[in-house]
Amino acid sequence: MLDAFSRAVVSADAKTAPIGGGELAALRNYVAEGNKRLDAVNAITSNASCIVSDAVTGMICENTGLIQAGGNCYPNRRMAACLRDGEIVLRYISYALLAGDASVLDDRCLNGLKETYIALGVPLQSAGRAVAIMKASSTAHINETNTSGTNPVETRFRKMETVKGDCSALVAEAASYFDRVIGALG
Amino acid sequence: MKSVATTVVTAADAAGRFPSQNDLEAVQGNIQRAAARLEAAEKLAEGLDKVTKEAGDACFSKYPYLKQAGEAGENQTKVDKCYRDIAHYLRLINYCLVVGGTGPLDEWGIAGAREVYRTLRLPTAAYVEALTFTRDRACSPRDMSPQALNEFKSYLDYAINALS
């Protein structure tokens with residue numbers, strides 16, 4: 001497993017060169033944005049169960065066949081497995097975001113995931129859709145652009161109350177990890 | 001590769017939990033010290049060739065017998081390899097400064113070094129002398145800031161202890 005720093009080291013070692021100016025600038029940026037990154041990880045982990053259950057619910061709302069007899073989220077046992085998998089994927093994405101490198105996500109989560117789902121008969125398209133919804137709500141939580149949605153009296157949403165700033169680079173990075181999962185399932 | 005972030009993630013993964021506040025604090029502590037580390041890495045990378053030359057020269061002047069026939073530096077090819085090895089250790093220290101942990105030195109420098117040196121009949125004392133000279137030669141503010149120097153020297157000491 002690598003993080004942003006050890007990724008730089010491994011690629012420098014392949015050239016047997018020390019790490020100097022150019023590569024250090026990218027790492028200095030990681031350091032300078034460090035607190036934002038930790039806030040972003042916190043935004044995901046603190047809202048994890050909300051993000052996961054919302055994504056699985058959304059996936060089922062769009063395809064109600066999943067919870068009818070014979071569907072892949074029927075009965076509760078399989079619905080529970082689905083929620084659990086959503087949480088696992090989100091957990092590895094939070095690791096990748098903390099480390100600033102996708103290797104933990106690739107090695108420990110995505111490697112063989114598609115083959116496993118095919119063997120178990122899990123519909124890849126639905127799984128990908130759930131991850132896409134997690135991406136939308138996670139990036140909204142990081143950016144604090146989450147809203148109450150279409151229901152004006154909805155009160156069950158929260159803002160993280162962190163100082164607002166430019167998080168576009170981090171949001172793009174987080175989104176790339178979700179896209180990585182969707183790509184691995186596709 | 002062992003670093004603070006990967007250690008924290010490995011522990012969280014073993015427990016099957018999301019990164020906790022403790023984990024985030026640990027990474028934050030690492031980030032706070034990063035500026036000095038990266039400065040030291042940058043300065044070392046800039047002066048790597050000069051530092052290597054000085055360290056190697058110091059080593060051969062302390063142990064001139066190394067250049068006698070049958071010793072580790074009996075011809076120019078072997079002498080060049082000595083300088084290459086010193087550059088290798090300094091490069092790994094550069095990596096350690098970037099990662100903020102001893103992972104690169106452990107995995108690529110120290111693991112198996114003793115066995116290799118014994119098989120090739122190389123004296124580790126010569127490497128210790130070269131690295132010790134580098135440690136005592138480096139000074140602040142000429143080479144780098146005091147905090148950066150502190151980080152640099154702690155990895156030099158780590159390599160010295162591993163070889164002695």
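This is a predicted model: local features need pLDDT of at least 70, side-chain atom pairs count only at pLDDT 80 or more; totals for chains, interfaces and linings use all residues.
So, where is B:Pro141 found in chain B? It sits in the loop between α8 (124–137) and α9 (146–163) of chain B.

The peptide bond running from B:Ser140 into B:Pro141 is cis, and omega is near 0°. Chain A has a cis bond to show you as well: from A:Tyr74 to A:Pro75, with omega near -5°. That proline, A:Pro75, is in the loop between α4 (48–62) and α5 (76–99) of chain A.

While we're on loops, let's do phi. A:Thr16 isn't a glycine, yet its phi is positive, about 40°. You'll find A:Thr16 in the loop between α1 (4–14) and α2 (21–32) of chain A. Is A:Thr16 buried or exposed? It has 10 C-beta neighbours inside 10 Å, and the cut-off for exposed is 12 or fewer, so A:Thr16 counts as exposed.

Over in chain B, have a look at B:Arg121. Again not a glycine, and again a positive phi, this one about 55°. B:Arg121 belongs to the loop between α7 (113–120) and α8 of chain B. With 9 other C-beta atoms within 10 Å, B:Arg121 is exposed too.

Right, on to the interface. On the chain B side, 32 residues are in contact with 31 residues of chain A. Which elements of chain B give two or more residues to that side? They're α1 (4–15), α2 (21–32), α3 (34–46), α5 (76–99) and α6 (103–110). The most comes from α3(B), with eight residues. And if you sort that side of chain B by class, you get 21 nonpolar, seven polar and four charged residues.

The crossing of α1(A) past α5(B) is right-handed.

Who's touching whom? From α1(A) we have A:Phe5, A:Ser6, A:Ala8, A:Val9, A:Ala12 and A:Asp13, and they meet B:Tyr95, B:Val98 and B:Val99 of α5(B). By class, the residues of this contact come out as seven nonpolar, one polar and one charged.

That's my tour, thanks everyone.

How values were computed. Residues are numbered from 1 along each chain as its sequence is written. Chains are lettered from A and ligands numbered from 1 in the order in which they are written. Two residues are in contact if their C-beta atoms, placed from the backbone, lie within 7 Å. Helices (H or I, at least four residues) and strands (E, at least two) are DSSP runs, numbered from the N terminus. Ala, Val, Leu, Ile, Met, Phe, Trp, Tyr, Cys and Pro count as nonpolar, Asp, Glu, Lys and Arg as charged, and the others, Gly among them, as polar. A residue is buried if 20 or more other C-beta atoms lie within 10 Å of its own, exposed if 12 or fewer, and partly exposed in between; C-beta atoms are placed from the backbone. A crossing is left-handed if the near helix is turned anticlockwise from the far one by less than a right angle, and right-handed if clockwise.
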